[in-house]
Amino acid sequence: MNSYPKIIVSPPGPKARELVVRDERFVSPSYTRYYPLVVESATDCIVKDVDGNEYIDLNSGIACMNVGNTHPRVVEAIKGQCDRFLHYSNTDFYYKEVITLAEKLAGIVPGEFEKKTYFGNSGTEAVEAAIKLARWHTRKPQFIGFIDAFHGRTMGSLAFTASKPAQRRHFSPFMPGVAHVPYPNCYRCPFKLEKPECNYWCADFIDEQVLQKYMPAEDVAAILFEPIQGEGGYIVPPDEFFQKLKKIADKYGLLLIDDEVQSGIGRTGKWFAIEHWGVEPDIVCSSKALASGLPIGATIANAKIMDWTSGSHASTFGGNPLSCAAANAVLDIIKEQQLLDNANKQGTFAMKRLNELKETNSTVGDVRGKGLMIGVELVEDKETKKPSHQKAVEVMLRSWKRGVAVVTCGVSTLRIVPPLTIQTDMLGAALDIVEDTINEVAKQK
Ligand SMILES: Cc1ncc(COP(=O)(O)O)c(C=O)c1O
């Protein structure tokens with residue numbers, strides 16, 4: 001019998017309920033809370049709530065805790081840094097934590113060229129910096145982005161974000177100059193085509209219908225993409241898509257900006273998800289898992305492209321020493337604990353189980369992912385593929401009540417993103433519960 005998960009009070013328990021009432025009174029209602037999980041503590045793959053329930057963590061604080069929650073070496077690095085100094089503005093002075101991190105990132109970001117890193121405080125800031133850098137370097141104003149993308153919520157990145165109307169409602173006008181094109185999604189092809197007959201029209205469309213028809217390539221700075229769409233529903237592009245995109249970018253001299261905020265730092269079994277396609281982007285955005293929960297954003301670019309000059313871009317707290325100390329520890333831990341290998345091993349295990357479930361279960365429409373970035377899309381009917389938002393929400397809530405913290409993305413996709421440290425027995429125990437609830441919910445009308 002497993003000792004996890006451990007549900008001692010049906011969640012939300014009394015302490016959680018009381019805190020949620022206070023939250024509703026004083027905290028911004030703009031957040032997207034999935035369910036009233038009120039966290040008391042978290043260690044490795046277990047999250048404990050304020051009422052003493054212990055959940056297996058399939059969320060990782062939304063793809064942030066890749067090395068496990070509260071990794072002792074990360075905590076030690078932060079504490080050690082606290083004893084030395086907390087802040088001294090990397091914008092204006094120097095310290096070694098930033099320099100060491102930039103060196104380490106240059107070593108793991110794909111691309112056989114010199115790289116430089118700009119540091120901010122979040123994913124959206126990493127994307128903002130990439131947008132500004134692309135404009136600075138190319139002196140061109142326009143961009144191509146993708147429908148269903150999520151790149152953040154500040155005004156530059158929001159101009160690209162396009163996965164839910166709520167993200168953009170009442171916030172226009174957005175930064176001008178962004179053309180949105182359909183993202184390659186073979187389960188629900190936006191062009192209603194099938195592979196291989198489609199011949200990658202999703203890529204050629206960008207060339208033939210956008211660049212040749214209305215967006216003069218000489219005005220376009222870059223194409224911004226997620227290598228696997230995250231908030232949009234864990235959508236994995238087909239094998240040759242990014243090679244084709246790279247050819248188009250090379251043909252017209254456009255930069256490729258790869259947003260790895262959710263998919264990077266080992267999540268997919270490689271340091272960065274784009275490595276699965278063997279394409280070298282010009283600019284890579286990282287955040288989330290990089291500092292294991294401390295705020296950081298990193299925009300890593302080919303050194304020839306990062307040619308902006310002093311005063312052109314900066315932020316007071318960007319590259320703050322606590323976050324950099326944590327990030328330096330994270331990158332060491334991933335290497336030393338061989339977490340890329342474990343992400344591949346556990347991801348293969350989970351995909352096999354979930355694909356087996358798909359064979360027998362009438363509501364599992366698609367299972368997709370790489371490493372431990374896995375999406376399970378629920379549908380009303382496998383023939384029509386009508387998404388079942390309600391069933392996905394139901395599975396999420398029932399799983400949580402039984403001790404598995406898991407959330408959704410897109411319209412009806414369960415997202416499975418445990419810490420990369422998870423072992424088969426615990427992942428198996430979590431999947432037992434998730435699969436059970438999917439089976440229960442599938443039987444409902
Ligand atoms: C791919 C991607 N880019 C950017 C962001 C924005 O990051 P942040 O919420 O730290 O601003 C996110 C957040 O989920 C993301 O998934």
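These legends accompany close-up views of a predicted model.

**View 1. The second largest pocket and its centre.**
The second largest pocket holds about 770 Å³ of space. Its lining counts 24 residues. Asn90, Thr117, Tyr118, Trp308 and His313 are the closest of these to the pocket centre.

**View 2. Make-up of the pocket lining.**
Which strand gives the largest share of the lining of the second largest pocket? Strand β4 does, with five residues. Strand β4 spans residues 115–120, and helix α4 spans 96–108. Each of these two elements supplies at least two lining residues. By residue class, the lining divides into eleven nonpolar, ten polar and three charged residues.

**View 3. A four-stranded open sheet.**
Strands run in the order β1-β2-β3-β13, and the sheet is open. Pairing within the sheet is mixed. The edges are β1 (39–43) and β13 (404–405). Each edge strand pairs on one side only.

**View 4. The pairing of β1 with β2.**
Strand β2 covers residues 46–49. Strands β1 and β2 pair in the antiparallel sense, over four bridges. Ala42 has Val47 of β2 as its bridge partner. Strands of a sheet pair through backbone hydrogen bonds, either parallel or antiparallel.

**View 5. Cysteines without disulfides.**
The whole structure contains zero disulfides. A disulfide needs sulfur atoms within 2.5 Å. Cys285 is buried, at 0% relative accessibility. Cys409 is in no disulfide either. For Cys409, the nearest cysteine sulfur is also that of Cys64, 14 Å away. Cys409 counts as buried, at 2% relative accessibility.

Tyr95 counts as buried, at 7%.

**View 6. The Phe146 and Tyr183 ring pair.**
The ring centres of Phe146 and Tyr183 are 5.4 Å apart. Their planes stand at 90°, so this pair is edge-to-face. Phe146 belongs to strand β5 (residues 142–146). Tyr183 sits in the loop between β6 (178–181) and α7 (201–211). The pair therefore ties together parts that are 37 residues apart in sequence. Phe146 is buried, with a relative accessible area of 1%. Tyr183 is buried too, at 3% relative accessibility.

**View 7. An aromatic cluster.**
Which residues join Phe146 and Tyr183 in a cluster? Phe225, Phe241, Phe242 and Trp277 do, linked with them by ring pairs.

Definitions and conventions:
Residues numbered from 1 in each chain as written. Predicted model: local features only at pLDDT ≥ 70, side-chain atom pairs only at ≥ 80, totals over all residues. Heavy atoms only, no water. 1 Å grid on protein atoms, 1.4 Å probe; cavity = no way out; pocket = protein on both sides within 12 Å on 5 of 7 lines; lining within 4 Å. Points joined across faces, edges and corners; volume = space filled by probe spheres on them. Nonpolar A, V, L, I, M, F, W, Y, C, P; charged D, E, K, R; others polar. Pairing = 2+ DSSP bridges. Buried < 20%, exposed > 50% of the residue type's maximum accessible area, 1.4 Å probe, protein only. Phe/Tyr/Trp six-rings, centres within 6.5 Å; stacked < 30°, edge-to-face > 60°.
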